[in-house]
Each structure stands twice: as C-alpha cells, then as structure tokens.
Amino acid sequence: MSEQFEPRIIGFLCRWCSYNGADLAGTSRLKYPPNMVPIKTNCSGRVDPTHILKAFREGADGVLVAGCHPGDCHYINGNYRTAGRMPLVKKLLEQLGLEPGRLRLEWVSAAEGEKFQRVVTEFTEEIRALGPLDWQAVVGEAEGAAGDPEAEMAKEAVPA
Amino acid sequence: MAEEKIAVYVCHCGTNIGGKVDVEKVVAWAAGQPNVAVAREYKYMCSDPGQDLIKQDIQKLGVNRVVVAACSPTMHEPTFRKAAADAGLNPFLLQMANIREHCSWVTEDRDQATEKAKRILSAQIHRLPHNQPLEPIEVPVNSDVLVVGGGIAGIEAALKLAQAGKKVYLVERKPSIGGHMAMFDKTFPTLDCAACILTPKMSAVGKDPNIELLAYSEVEEVDGYVGNFTVKVRKKPRYVNTDTCTGCAACMDACVVRKVPNEFDQGLSKRTAIYIPFPQAVPLRATIDPDNCLTLRGKKCKQPCVAACGPKAIDFDQKDEVVELKVGAIIVATGFELWDPRQEERYGYGRLDNVITSLEFERLSNASGPTGGHIVCKNGEPPKAVAILHCVGSRDENYQEFCSRVCCMYSLKFSHLIKEHLPETDVYQLYIDMRCYGKGYEEFYKRIMDEGVYFVRGRAAEVTDVALNPEEQGRLVVKVEDTLLGVVRRIPVDMVILSSGLSPAHDAKEVAQTFGFGCSANGFYLERHPKLEPVSTVTDGIFVAGACQYPKDIPDTVAQAGAAAAGALALVDNATVKVEPTVSYIDPEKCAGCHICVGVCPHSAIQYNEEKGVAEVIEAACKGCGVCVAACPAGVPQQRGFLDEQIFAEIEGALAV
C-alpha cells in the first residue's frame, strides 16, 4: 500500500439484516477492504440525514446505508422511509457541491454475506475513484453563511 | 453522573482476533484515549476469568463505562452486560466493539486490521460518555402458544406444549393435519409404517383438551412482540358444519363430481368435490372444494350430498371467518415442497409415462394408496426394471445447490420396497455419492446392497423412450455415465423414480415476512444462529421447526420440534419477560404536534394527545426502530440507547483515528 488514497467510509447497518449480513461475511471469512467502519442502528430508518452530513463533515469520504430488503424490514416498513429519504439526501449533497455517489443505499439481508463483501469492495473502489472529500473547501463557506446545515437544511428535506 | 471512567478490554479470541489484529498495539493506543481509565487485553474475554476482569475493575477501580472489543454483540453482548450488571453497573453502560466478524475475519493485512480495530473501538469509546443507564421494560407474558403447520414438526411441538399444560392453537392450511409424513409408506431406516407411527399422534392432537385445532385456516397477520402476539387467522369455509359433520363420508359416495385429481395421492387417483383427504384425517370432517363443486360454481346440481348427509351438516352459505388469537410464543413449522422435476426436462417428467416422483412412488407402494400398494406401471403391469435417479434438483448449481439430505435414504427405502413387493424386478440406483449419515443409516445401506440392488455411480444424463435395439423397445432408457466403470450406459427400465429434492414452500418468503424473520440464501427460513440457536429466529418469541428451516428427516424434525417447544415453554412459563428499553420518547415541551411521527410509526405506537396537542409514545407498543426520530422535522423524538448524540459521537470516534 504505497501512495494509494485510502478512503474513509462510514457504514450505517441495520441491526437485523445488514449488520448480521456483515457478521456472516466475517463468519465465512470473506475478505474486503478495511475502509468502512460500521455503525449499528436498529433500523435503517433511524439513519437521519444529519448523521450522513455529520459523517462527511467529520472526514468521511463515503457513507453507506444498508438495511433489510423491501418487505423484509423487522419494523414492517422502516426501510421504505430510508428508501424515500436517501434520494433526497443525495439531492441535498449535490446542492452542497458533493458528488451524490458518495452516498450509497443498499439492501443486504442477514443471509447475504457475499453481497456485503461485494458492496463494501465496490463502494470502496468507487470512493477511491472519486478521491478525497474536502468538506471545508466544498461546503465550508455555505455552512458558515447558512448556520448549521445539519439542523436546518437536512431536517426540512425529510419527507413525512 | 461522576466523571466518566472507561475500561477497555480487547479480546484475542485465541488467534481469531489476535492472529490478525495487533492486540497489544490496540490496547496501548486505547489507554491514551479520552476518559479511558484502564485498557487490558485477555485471551478469552468471554471466559469466567475474562468476565472477572470486568467485574473487578468496576468494583475496585470504580470504572463506570465499559467497552469490550471482541466478537459480534449478537454472540456475547448479553454475556458481558450480565457481568457488568453482576458487578453493579447498569448493563447499558457497556458497549461492544465488533473487531472479529467486522475486522479480523474480513481483513487480509495485519496493519490494516489493527487500524480498523482502533477505529471500531474508538467509535465506542467516544459513544460511551453519552450512554445513559436504562432499565429493561418488563411486560406480562401470555402463556398460550401458536403452532403454525400441522405436519410432524407442528404436531410434535403442539403435543409437547399441551403436555406441559399450555394452551396451544395449531393452525393448518389444509383440511387435515398430517403433512407429508401422512403420505409416506414406510420410513427409513427402520421401515416403520409412517401411518402407524403418525396417526396416533394426529389423533392425540384431535383429542387433547389443551390443543385447539384450526385446520383449513391460514395466518394472515401477526402483530405484537415477545410474550404478547396478536395473530389473525382466516378460517376458510368448508361449506360443512364441522360441529355436526361426523366424517361418515356418505356425501362422498353421493357426490356426482368424481374426477377431481386427489392431491393426497399426488393426482394418481380421483376424488369427489366434497371430500375427506384420507381416512385417518384429523379433523375427520368433509370439505367442499369450491373450484369443483357444481353448486358453488353456480352450475346446476341436485345436491345429492345434502340428501345423503344425515346430520344436515352441509352449508353452502358458509363464509370465511377471521379469528384473533392472543399468544405469548409462536412456532412456525410450515414444511417443504417437493422440487418440481418438470424443470429438468431431460428426465421427461410430465412427458414420458412411468417417470414418477418420489412422492408418487410413496403413494404407489402405500397399501392405502391408489393401487392398494401394488407397484405397477401405467398399464397396470408390474415393472421388470426400475431406475431411481438421485439428486434431482439437488446438488445442482442450475437448480438447488444444497443437498436435500433425505433422498439417498428414501431411495434406498424404495429399493427395499420394490424388492419386497417384486423380488424379480431389477432396481438401479443412479447416485453421485451415498449420504447415509444418521443412526442406523449406513447399516441400512449395507443391507440394501445385499438385497441385490444395482448401484451405478453417476448422475443420469437423460431418460428417453427412443429405442436403439429390441430390448429397449417400448420401454424407458436411462442414459448415464457409470463413473466407476468409465463407460456410458443405456439402462432399459419400465419405471423411473425421480428422487426430487426438498424445496422451500413456494410462499416461504411471504410467510417469513408475515412473522418478521428472513430466509437463507437457499430460501429456507433463517434461524438466529446456525449452531447455537437453530430453532430461534431474529424475532424474540418466534421459533421455527422442521423442514421449513432446512431439509431434514423425521428424527431430526421431531428433535427440532421438541427444541422449539422447549424454547417456547421457557418463555411462556414465565409471568413476565424483559424487553429492550431502546424505545422512543417525546418531550412534550418541544413537540409542536405536527403528526409526522404518528404517521411514520410502523407499529402505531405514537398517539396524538388532543388535549395537550402533542404526540406521545406508547412504550409497550414501541419496538425501537427509531424511524420517528429521523422523521421529526424538529428532532424532538429521541430513541433511548440510540440518541442522536450517541450516534454523532460514534461517527466522530470512527473518524478520529
């Protein structure tokens, strides 16, 4: 590993499907790049747009949100909320001047260790290709002018 | 709360973590992190001495926050939280950092694994100061149990629970319980007659005062949570009053629609439109099949069944009915379906006469079957030679990659039955490997080899009726490469039995969704842990048993059903159960009463209080998804254990290294 850019990625994993899918990848000893640090939530629907913005502001180059497949949500339809929110967050990222590809939404079931491996591997390469995110340079100014974007802008973008 | 004193423990897990992560380096780093009072390593944190380290540090050093960097919290979070609680620390002040499944096992490079372990650990170290002590919510437990599926698994589980004095609802989709086992002739390797060992259990179900049997019914909706499920069951109309019907079958003699393929006989015989599936059916009640009954189809019929019925039980106006059950635990035992060999066209099933499935053969050799137990071809003649093709639809990456586990053994059983009925008939077993793994199975294999059965090692290539010589004329020919002899053979036979694999039920995915658990990649229900929790699901209080979880034989199915019953009993035998307190709460001072959270809550756990003009969380109904927290435009609802500040701190920690 010489000069290669190593992206920092935060992965929000729902407890019932994707976190267990990641566990299965581990139990099956499937290797993937070490760039993603997982954060567990009960449901992908708990992932607030502010969490995603926070991750980017703290230095993440990419954010993965992974939940149960449509219809499989442990909380009936929490993942549909996620599915509704993420495109809006991507739009928001675009408006802030970020590449929307820095955010990825995936459905990974507890049985899909291989898919988890593939998703993290692919996403790491995609973010590597996008290069480092300089939040301060891209968003810093807008942030200063608009106050706290986490609290203000993102909340307004949340669909009911 | 006094000053935060965090203790960090990094587990080697033998070499599982230590072999890939430089544990010493991680510990040295952790010792210098904010609020960390002590950082230690240990070979096996889950062992008693490992747990004692935590207890001692809490009691002697006054540690008030703990992070254990080890395996997945799914494995040992309860272990460590209990250790913390035993030492007087609120268990929710302990977090786990998963550096095994999410790090050491999935990372190639040792340095990278060490760095990733630090990040995962850092996230938890940053989170902990924001953790608050929480108390589990104790809820009452309903002691009744629902068992879904009336095959041998469901029957066994229901009987065990009833024996323990629990009220059991047994729901079966078909008109009678019995499942696949009721169709079998003999059972391997002991050759017990399936009916002889099953029907006493079926009849015990019918008579047990603790079991309420809801046959010809389906579960529609499951709501609630561990100890407190509300289940809606749709009872389909039989068009027969089951209270007055005596099961005398006079209606069947009278019915004019006599050519309906009999499902129980795999379509090898015909039944009437009003029918009792088989003579030992439980409940022994008639059912009118609405797709074939002339009256119900709006056609003219003199309704001879009505005239024949002594107790006047027939009721064409019967409607389906939805009943609501309240139970504390649920056992799902919905069984399997035989893999449909029509998909494997080269074997000619559905196209060539006398190519039959294993289940059809069960009925053919069964004394209560369509031929009275005579093994005959379609022309009524006994076959002179029979080929049994193994692994049809199993161990085949085109269809099902897995081994169906029962086919080798039932194929051996078929050989024996053919030799017993027709000693002169040649029997060929075309196999890939013989898998005879159970008690008495290898011995049974040896016995069948001594009975003069031909074993050909090779997967059949094709079944054809195109003859190349007079011996093949008018017969079936099985083409196979005999991999032991290294030759391609053409074996002329009169009957081909396809040993079809076991498949998940066609609606397994929908059923799993109804009960709130998932399916494995192969389509069978996903257990909570493949080894240590084989009958639990991710939904507390819901268990699985039998071939719906994975193909298994009758001994394993019965064992698993007993385990599921014990799991359910261990729950419903308690007056209360503790549920996770990670529920949402709404600060009435901040709530603007916009109703958004009310609308998004999947469990209707948020109600709008008209009087106060604010939304309120019903704690007992909240399952802790946190969707309301993310949906509120003002960030008012918060989820205990998953506060925004906790998640923010985790993010900061993960990116701080």
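**Note on the interface of chains A and B**

1. Start with the interface. 57 residues of chain B are in contact with 55 residues of chain A, contact meaning heavy atoms within 4.5 Å. This is a predicted model: local features need pLDDT of at least 70, side-chain atom pairs count only at pLDDT 80 or more, and totals for chains, interfaces and linings use all residues. Residues are numbered from 1 along each chain as its sequence is written, and side-chain values use heavy atoms, with hydrogens and water left out.

2. Next, area. About 4,700 Å² is buried between chain B and chain A, and carbon and sulfur atoms give 57% of that. Buried area is the accessible area (1.4 Å probe) that two parts lose on being put together, summed over both. Of the area that chain B buries against chain A, 14% is supplied by B:His102, B:Trp105 and B:Leu655, more than any other three residues.

3. Polar terms. The count is 20 residue pairs in polar contact between chain B and chain A, both at pLDDT 80 or more. A polar contact is a pair of N or O atoms within 3.5 Å; within protein, one must be able to donate a hydrogen and the other to accept it, and residues adjacent in sequence count only if both atoms are side-chain atoms. Four salt bridges cross the interface (a side-chain nitrogen of Lys or Arg within 4 Å of a carboxyl oxygen of Asp or Glu). B:Asp644 forms a salt bridge with A:Arg46, the closest N and O atoms being 2.9 Å apart.

4. The chain B side. Helix 17 of chain B gives the largest share of the side that touches chain A, seven residues. Helices here are DSSP runs of H or I, at least four residues; strands are runs of E, at least two; both are numbered from the N terminus. By class, that side of chain B has 27 nonpolar, 19 polar and eleven charged residues.

5. A:Asn42 counts as buried because its relative accessibility is 2%; the cut-off is under 20% relative accessible area (1.4 Å probe, protein chains only). The side chain of A:Asn42 reaches the backbone oxygen of B:Gly624 at 2.8 Å. Leaving aside neighbours within four places in sequence, A:Asn42 is in contact with residues including A:Trp16, A:Tyr75, B:Thr582 and B:Phe642.

6. Chain A overall. Chain A has seven helices and four strands, in the order β-α-β-α-β-α-β-α-α-α-α from the N terminus. Of its 160 residues, 60% are buried. Among contacts in chain A between residues at least 6 apart in sequence, 81% join residues at least 24 apart.

Technical notes:
Chains lettered and ligands numbered in written order. Buried < 20%, exposed > 50% of the residue type's maximum accessible area, 1.4 Å probe, protein only. Nonpolar A, V, L, I, M, F, W, Y, C, P; charged D, E, K, R; others polar.
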